[in-house]
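These notebook entries record a look at aromatic rings and at charges placed over them. I began with the ring pairs, since a pair of aromatic rings is described by the distance of the centres and the angle of the planes.

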Amino acid sequence: MDVSELTSLAPFADTTPRGIAADLARLVNNGELEAGVRLPTVRELASSLGVSPATISQAWQALARAGLIESRGRAGSFVRRDASAGPAMRMRGMAPPDDPVRLDLSRGTPDPLLLPALGPALSRVSARADVGSYQAEPVIPALAAVLRRSWPGEAESIVVVDGALDAISRTLEQVVRFGDRVVVEHPGFPPFLDLLDLLGAEAVPVAIDEQGMSPEGLAVALRRRPAAILLQPRAQNPTGASMTPARAAALAGAIRSAVDEHGLDLVVVEDDHSGLISTEGDVTLGTHLPDRVVHVRSFSKSHGPDLRIAAVGGPRDLIGRIMARRMLGPGWTSRMLQSILLDLLTDGAAIDAVAEARRAYYTRQRALGDALRSRGIPVMHADGINLWMPVLSERSTLVQLAAAGIRVAGGTPFLAAANGSPVAGAQRADRHEFVRVTVGAVREDAAAVADALAVAGQHLAAGGY
């Protein structure tokens, strides 16, 4: 397709990168630009629209991150053949096949047998469920009081939304604009990267170790003047890393120095998704930077994903903007669901069940981790339900495990940087590929599971690392 054909389809009234990307996205989504169509070159379109090549390049990058177009090097840029499948490619790529397996360690979800029983809570709540009103407070007061007493730091405002990803999406929409940079963990949670693609933001990856994000790497990343930092303080997905208070203080110190030196205006978004099943203590950068931190605590791992509730705490102004926008959509999280969560957080039997789940996950994590390390596989000590395992070949490992009736998650969707791309704070280039193993689903015989994982990862055959 030449420039004249393209400009006849799109008005390009807004010649900013956002406007150009939006016009092209509409053409792809409504089918006027069909899969496989070659787009004009950056210079051709820039000349036609009277803008710089950098403007077109930024628009092309945003469309590529959203999964709508792809570059084929010197051959040019083309509309993706699978563009109609929509965005969130990494998240969709994580979906397991429908075929059953003997042991599914790919899902990253809690063991349903370790969730507290909902029956007693449902029977108590149904008798006093309140219809409520459109104008009532979005959080029932009793739940708000329980959340505030257990919050890891000072928060001017605490509300509830429909899960951790809902909270993070709504926060990023308030603080990240097209073209902004956002610091992320490497490896990190795939939906976070998909969200940044949809917002037209650039992910700036920072390496992590057993205590989370590297302070040195963060200091380097902050030179790129990001609008936000997105991290997981405990049981990081996929590695299971948890920050210590000292690490949180070091990260906060790097941020404070960058703010003072360069006048940065940024927000830290923390996803404490494992919450009450984490064996590590509460930790937040909000202890040091209360005016810059939005802390998200999910109850999906501890009380059940289908409750769809997460608490969000942070500066009053920012939380107010999030909730004002939310009122134009779902409005509030069901007060009946809030009442169920309140019951589960205060009922003795439910509290004991969550404590038992926390102990069980710790035992399973320790058993499989120790078994893998004894077989020469250098997995880090982890918290929560997941483990990040280096392998010689991701594809080969997945195939060999499938043949043995075991499924794990491939590591590629979790990588915030492509091979060869810079990762701030990395000590060396990774020599391995990876898979994520949901240890929380290994109820018994960790040694046999470790044997299968080691053989599939070719560690034993290769003599380990």
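Entry on charges over rings. I worked on a predicted model. I looked up arginine 297 and found that it lies over the face of tryptophan 151, 5.9 Å from the ring centre. For arginine 335, I noted a position over the face of tryptophan 332, at 4.5 Å from the ring centre.

Entry on ring pairs. I searched the whole structure and found three aromatic pairs. One of them joins tryptophan 388 to phenylalanine 414; I recorded 5.7 Å centre to centre and 70° between the planes, an edge-to-face arrangement. I then placed the two residues: tryptophan 388 is in strand β12 (residues 386-391), while phenylalanine 414 is in the loop between β13 (406-410) and β14 (433-438), so the pair ties together parts that are 26 residues apart in sequence.

Entry on burial. I read a relative accessibility of 8% for tryptophan 388, which counts as buried because the limit is under 20%. Phenylalanine 414 is also buried, at a relative accessible area of 0%.

Entry on the stacked pair. I found the ring centres of tryptophan 388 and phenylalanine 434 to be 4.9 Å apart; their planes are at 5°, so I listed the pair as stacked. This pair links distant parts of the chain, 46 residues apart, with tryptophan 388 in strand β12 and phenylalanine 434 in strand β14. I noted both tryptophan 388 and phenylalanine 434 as buried.

Entry on the cluster. I concluded that ring pairs link Trp388, Phe414 and Phe434 into a cluster.

Key
Residues numbered from 1 in each chain as written. Predicted model: local features only at pLDDT ≥ 70, side-chain atom pairs only at ≥ 80, totals over all residues. Heavy atoms only, no water. Phe/Tyr/Trp six-rings, centres within 6.5 Å; stacked < 30°, edge-to-face > 60°. Helix = DSSP H or I, 4+ residues; strand = E, 2+ residues; numbered from the N terminus. Buried < 20%, exposed > 50% of the residue type's maximum accessible area, 1.4 Å probe, protein only. Lys NZ or Arg CZ within 6 Å of the ring centre and 35° of its normal.
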